[in-house]
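Trainee: I have a model open in my viewer and would like to learn how to read it. Could you take me through it, one feature at a time?

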Amino acid sequence: MSEVEWMEIFSENLQEIMQERGYSQKRLADESGLDQGTISRYLNHKQMPSVRAIVNIVWCLGCNYEELMDFGDMID
């Protein structure tokens, strides 16, 4: 799996979880300590999240990392 494919899957999973839990980009940014522009870049496949960002997002959304990052393969 390429990094581009990884970002697409991450983005789709993040969008779905945010929608299910009623989170806007602003709310997630405010609660996670991340910039709203950063959240937007994740959702638009423009930036890969750091480990810190993933941990904060998982904690804020009340999900586990497998829901957010269920890829089924390694990044090439």
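This is a predicted model: local features need pLDDT of at least 70, side-chain atom pairs count only at pLDDT 80 or more; totals for chains, interfaces and linings use all residues.

Trainee: How many helices and strands are in the protein chain?

Mentor: Helices (H or I, at least four residues) and strands (E, at least two) are DSSP runs, numbered from the N terminus. Here the protein chain has 5 helices and 0 strands, and the order from the N terminus is α-α-α-α-α.

Trainee: What does the radius of gyration say about the protein chain?

Mentor: The radius is taken over C-alpha atoms, and the globule rule is 2.2 Å times the number of residues to the power 0.38. For 76 residues a compact globule would have a value near 11 Å, and the protein chain agrees because its own value is 11 Å. Along the principal axes, the C-alpha atoms fill a box of roughly 35 × 20 × 20 Å.

Trainee: What share of the contacts joins residues 24 or more positions apart?

Mentor: Contact means heavy atoms within 4.5 Å. Taking contacts in the protein chain with a separation of 6 or more, 64% are between residues 24 or more positions apart.

Trainee: Which residues touch the most other members of the largest nonpolar core?

Mentor: A nonpolar core is a set of buried Ala, Val, Leu, Ile, Met, Phe, Trp, Tyr and Cys residues joined through side-chain atoms within 4.5 Å. Buried means under 20% relative accessible area, exposed over 50%, and partly exposed in between (1.4 Å probe, protein chains only). The largest core has 22 residues, and Leu14, Leu28, Ile57 and Leu61 touch the most other members. At least two residues of this core come from each of helix H1 (3–21), helix H2 (25–32), helix H3 (36–43) and helix H4 (51–61). Over the protein chain, 37% of the 76 residues count as buried.

Trainee: Let me pick one of those. Where is Leu61 placed?

Mentor: Leu61 sits in helix H4. Leu61 counts as buried because its relative accessibility is 4%. Leaving aside neighbours within four places in sequence, Leu61 is in contact with Leu14, Ile17, Met18, Arg21, Tyr23 and Leu28. Take Arg21: Leu61 and Arg21 are 40 residues apart in sequence, with their C-alpha atoms 7.2 Å apart.

Trainee: Is Met1 buried or exposed?

Mentor: Met1, in the segment before H1, counts as buried because its relative accessibility is 14%. Between Met1 and Gln15 there are 20 Å from C-alpha to C-alpha, at 14 residues apart in sequence.

Trainee: What is the phi of His45 near?

Mentor: The phi of His45 is near 60°, a positive value in a residue other than glycine. His45 lies in the loop between H3 and H4 and is partly exposed, with a relative accessible area of 34%. Glu3, found in helix H1, is partly exposed at 43% relative accessibility. The C-alpha atoms of Glu3 and His45 are 9.9 Å apart, while the two residues are 42 apart in sequence.

Key. Residues are numbered from 1 along each chain as its sequence is written. Side-chain values use heavy atoms; hydrogens and water are left out.
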